[in-house]
Every structure is written in structure tokens, then in C-alpha cells.
Amino acid sequence: IDIPTFLIEEFSMLFKVANKFYKPKLIISDNRIYHNLIFKIWSAICQENKTSIIISNHGGSITQGSIDYMGFDESISDTFITWTKPIMKKHFQLPPLKYYNTKKKQKVNPNKILSIVGVDTERYTYRCQVGPKSGQIWLHHNQIIKFYNALGMRYKNITRMRPYPDCGRGLSKIYEKEMGKENVSSKGSFEDFIDKSSLVICTYPETTFSDCIARNIPVILIYPKSLWQIHPQMIEIYEILFSANLIFHDPIKLAKYINHIFLDLESWWNSKKVRNAIKNYENQALNISGNYLNDWISFIRSKSK
């Protein structure tokens, strides 16, 4: 009863359309497998004709390998490419091509801008998933506002909020009322926003955190711990980041910590404890290497034989 009527009544037509397409020996997909109906049917037809299907993760952080898709990726693929260390049988770690041309910053941006990257999700829940769903997003929102209000006026004046693309709640307008219109901005690209930041406060443990690490931009995570499940094999990475004060769950403690480190971010970001935590994260959860294309080409060739 959960299958859309359209899929039942029009399946013959959809099958005929998908069956006309070329059937390759190998299919590599990141997220079309979730959103494109014809692609789903076509890839299933191809798989029945002995086509190998490889799904590539299109983002990554410490939540990788959680029950986010309830094993969907692994059940329909021959191999699942991950950013993080393999924690399931079909996983294979490769460097994320997203960061192929990304240049690491040598020094902390002297602009003295404290940036907050917000999060939002669909208003209505349509499946089980790691992270906030529906009204749970307000736990994130309240945490952000508590953090902002706990900052001293010196830091409030240099804080910039980047709301997540609107999912129907109008959070941008709400943040403008609570933080001041001049402190909230969705203009320009996300990359430009974090590039101009001295320190980024990331409010959810997913790709945005990796974006900053890949660019060597100082970043700290804060999020409601109860909303994000982490796979047991990723707990060690989480604990190392947490002990290095790169993860917080208490907005008041984070605000106090910002007051402590912000005037000398360079020393803090390059301290031994922080660098060791970042290096561990890169090795296990990001896999940034100098052989992006070679690694991918070798992998694809091995799967094409």
C-alpha cells in the first residue's frame, strides 16, 4: 500500500522507456539512484543483464555508515564508494572528487568573521533517517540562538549566519529577527562564505564540516547529540574530535570557548592536539590524497574487467 499508484498503473510504460536505453557493463551513480525514477528502473534492468552497479557517496562526515538509508545503498549495489573508512562489506574508500581542485589555506583568514552555517530539513517526514526530521529542526535552531545570545557583544558584531536553503519554514526571516538582518546572509556561493570566515561554526555533522577541513578553514561542530546517530565504528573519530574541542553539544560552553580562543585562532588551529585530531579525521573520514584521479581510474579499471 506504500507504493505510489503511478508506479503500478504506469509501470509498463516506464519499463518500455527505460529498456530502450543503452545497457553498459558498469554504472556509477551518486544520488540519481534516489531521485530519478527512470534511472532506477533502467539500472535495475541493467543489473538483471549483469551490469555492475557502483554507488558513490555524495557527501561525508562522522555520520557516514550510520543507518541513514537502512542499508539501501549496500543492498542494490555491487560496491559502495565512501569518503570514510570502510565499515560494511561492500564499502570501498576513495578520495572525494569534490575536493580535487580545492586548495588548502595556509593561514587563518584575518577578517575576524565568526560564521555560523545553519541546517534545515523537510517539514514533513517521509522516511526514517539519521538527523532531525520535521519539528526536531527547532532543537537545532534553539541551540544556535542560545549560542549566539551567549556570545559577548564583541563577537555578536562579527557573527555572520548562513541559513540552510529554505525547506518551507522560512528560517532565514526568523534568524533575521533574532540575530539582526545585517548578520544573516544567503548571498553569494557557500564556498565564498566559508572562505571569508576566520572560524566556522558548523551546526550539523555532515559534509559542511568536511568542506572546511578540506580547505584548512578553522571549524567547530555543534549539534544536538540526540538527533544524530553515529555508527559504532565511527565513535573513535567522534571522541578524538570531541576531546580536541572540535565538537560541542552545549551552546553555552561553546560560546565560552570562542571567547577563549578567538583572539588567537592561528595558535589554536595549529596546536598539536587540534592538528592531530584533524589529521586523524582526514585519514579515516575524508581520505584527502594527492592521487585523486589515479585512485579513481585504477578502481574503475579494476571493476570494468
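## Cysteines

The disulfide count is zero, where a disulfide is a pair of cysteine sulfur atoms within 2.5 Å. This is a predicted model: local features need pLDDT of at least 70, side-chain atom pairs count only at pLDDT 80 or more, and totals for chains, interfaces and linings use all residues. Residues are numbered from 1 along each chain as its sequence is written, and side-chain values use heavy atoms, with hydrogens and water left out.

Buried means under 20% relative accessible area, exposed means over 50%, and partly exposed lies in between (1.4 Å probe, protein chains only). Cys-202 is in no disulfide either. Its nearest cysteine sulfur belongs to Cys-212, 6.5 Å away. Cys-202 is buried, with a relative accessible area of 0%.

Four strands form an open sheet in the order 1-2-3-4, with parallel pairing. Helices (H or I, at least four residues) and strands (E, at least two) are DSSP runs, numbered from the N terminus. Two strands pair if DSSP finds at least two bridges between them. Strands of a sheet pair through backbone hydrogen bonds, either parallel or antiparallel.

Strand 1 (26–29) and strand 4 (91–93) stand at the edges. Each has a single partner strand, so one side of each is left without a neighbour in the sheet. Neighbouring strands are turned by 25 degrees against each other on average, direction ignored. Strand 3 (residues 79–82) pairs with strand 4 in the parallel sense, over three bridges. Thr-82 has Gln-93 of strand 4 as its bridge partner.

Helix 4 (residues 37–48) packs on this sheet. The helix touches strand 1 and strand 2 (52–56), where contact means heavy atoms within 4.5 Å. The direction of helix 4 makes about 145 degrees with that of strand 1. Axes are lines fitted to C-alpha atoms, for helices over the stretch in contact, and angles run from 0 to 180 degrees between N-to-C directions.

## Strands 7 and 8

Strand 7 (residues 199–202) and strand 8 run parallel, joined by three bridges. Ile-201 stands opposite Ile-220 in strand 8. Both faces of strand 8 (residues 219–222) are covered. Val-219 and Leu-221 are buried on one side, Ile-220 and Ile-222 on the other.

## Helices 11 and 14

Helix 11 (residues 235–243) packs against helix 14 (residues 272–286) at an angle of about 160 degrees. Their axes are 9 Å apart. That makes the two helices roughly antiparallel, a label for angles over 145 degrees; under 35 is roughly parallel, 65 to 115 roughly perpendicular and the rest oblique. The crossing is left-handed, with the near helix turned anticlockwise from the far one by less than a right angle.

Helix 11 makes the contact with Ile-237, Ile-240, Leu-241 and Ser-243. Helix 14 contributes Lys-273, Ala-277, Asn-280, Tyr-281, Gln-284 and Ala-285.

## Positive phi in two loops

Lys-112 is not a glycine, yet has a positive phi of about 55 degrees. Lys-112 lies in the loop between strand 4 and strand 5 (114–117). Its relative accessible area is 36%, which makes Lys-112 partly exposed.

Asn-287, also not a glycine, has a positive phi of about 55 degrees. Asn-287 sits in the loop between helix 14 and helix 15 (292–304). Is Asn-287 buried or exposed? Asn-287 is buried, with a relative accessible area of 18%.
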